Amino acid sequence: MMAIHPTALVNPKANLDSTVEVGAYAIIGPHVSIDAGTKIAAHVVIDGHTTIGKDNHFHSFSSIGGPPQDKKYAGEVTYLEIGDRNLIREFCTFNCGTVQDRGITKVGSDNWFLAYVHIAHDCTVGNHTIFSNNAALAGHVEIGDWVIMSGFSAVHQFCKIGPHAFVGMNTSLTQDVPPFVLLSGNPAQAHGVNLEGLKRRGFSRDQLNAIRQSYKLIYKSGLTLEESKAALDEQMLSLSADAAAQVKLMRDFLDASTRGIVR
């Protein structure tokens, strides 16, 4: 039997798996779908056209699926999609998308969102990320897999952060962050490669050396960005397939950047 506290308000049109737990005074709207094993603590609000996967845990007072904080929003139907096994701590806010973009905010799987994290409209968050307390994304931001956002870090709208990047505490980001880069400050400055995180995730010595060399070509060589791209192309020719794949990740990110990179 579904474990729903008698004080919770679950709209009869909501689609909840029979194993979902809903705590006291929680509110679940009519267009919400929640898959197996997910736990909704007391006082959580989940509304909007929101789809939630399996084995997520929403702690008290989080507000999920609310309308976008965008003055252009005029009540259009937009969406929020959340994957599996995410931890969402107290007072987090995840908003639905806008019709000016794709109309959907997407959060992947196996992420940790600590207290007061804000995921704005039309953002895309990958898998295995960690958002420390009060980290905040403005609208249309893209976050790659394994990114770590430290406490009180903030990202300007339309920015992209590549996989495995590490954003330090109190960092203000107004430009894109390539994969693997460790940075901090206001304004943000790059301070090397996220080596400790990469070692913990099993990157080989060859891969780490290739990533460090790529960082030097982008940040330490004095080359222009276009010259750095050419140098990365040349670097890949002499690497093993596994190492070249990491360099290609950085190279492709430079092509995809729309706001310029922190440099």
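Axes are lines fitted to C-alpha atoms, for helices over the stretch in contact, and angles run from 0 to 180 degrees between N-to-C directions. This is a predicted model, in which local features need pLDDT of at least 70 and side-chain atom pairs count only at pLDDT 80 or more, while totals for chains, interfaces and linings use all residues. Residues are numbered from 1 along each chain as its sequence is written, and side-chain values use heavy atoms, with hydrogens and water left out.

**The helix pair**

Helices (H or I, at least four residues) and strands (E, at least two) are DSSP runs, numbered from the N terminus. The axes of helix 3 (residues 225–236) and helix 4 (residues 241–256) come within 10 Å and cross at roughly 160°. That makes helix 3 roughly antiparallel to helix 4, a term that applies to angles over 145 degrees. The crossing of the two helices is left-handed, meaning that the near helix is turned anticlockwise from the far one by less than a right angle. In contact terms (heavy atoms within 4.5 Å), Leu225, Lys229, Leu232, Asp233, Gln235 and Met236 of helix 3 meet Ala244, Val247, Lys248, Arg251, Leu254 and Asp255 of helix 4. The residues of this contact divide into six nonpolar, one polar and five charged, where Ala, Val, Leu, Ile, Met, Phe, Trp, Tyr, Cys and Pro count as nonpolar, Asp, Glu, Lys and Arg as charged, and the others, Gly among them, as polar.

Two strands pair if DSSP finds at least two bridges between them. An open sheet of eight strands, with parallel pairing, has the order 3-6-9-12-15-18-21-24. Strand 3 (15–16) and strand 24 (160–161) stand at the edges, each with a single partner strand, so one side of each is left without a neighbour in the sheet. Within this order, strand 9 (residues 49–52) and strand 12 (residues 79–82) pair in the parallel sense over four bridges, with threonine 50 opposite leucine 80.

Serine 109 lies in the loop between strand 15 (104–107) and strand 16 (112–113), and alanine 36 in the loop between strand 6 (32–34) and strand 7 (39–40). Beyond four places in sequence, serine 109 touches Gly83, Asp84, Arg85, Asn86, Gly126, Asn127 and His128, whereas alanine 36 is in contact with Asp17, Thr19, Gly53, Lys54 and Asp55. The table gives accessibility classes, in which buried means under 20% relative accessible area, exposed over 50%, and partly exposed in between (1.4 Å probe, protein chains only).

| Residue | Relative accessible area | Class |
|---|---|---|
| Serine 109 | 14% | buried |
| Alanine 36 | 22% | partly exposed |
| Valine 167 | 0% | buried |

**Strand 27 and its partners**

In a regular strand the side chains alternate between the two faces of the sheet. Strand 27 pairs with strand 25 (residues 166–167) in the parallel sense over two bridges, and phenylalanine 166 has leucine 182 as its bridge partner. Three bridges join strand 27 to strand 28 (residues 189–193), and these two strands run antiparallel, with serine 184 opposite glutamine 189. Their hairpin has four residues between the strands, and glycine 185 takes a positive phi near 110° there.

Valine 167, found in strand 25, is 14 residues from valine 181 in sequence and 8.4 Å from valine 181 in space, C-alpha to C-alpha. Leaving aside neighbours within four places in sequence, valine 167 is in contact with Ile148, Met149, Ser150, Ser153, Ile161, Leu173 and Leu183.

Conventions:
Parallel < 35°, antiparallel > 145°, perpendicular 65-115°, else oblique.
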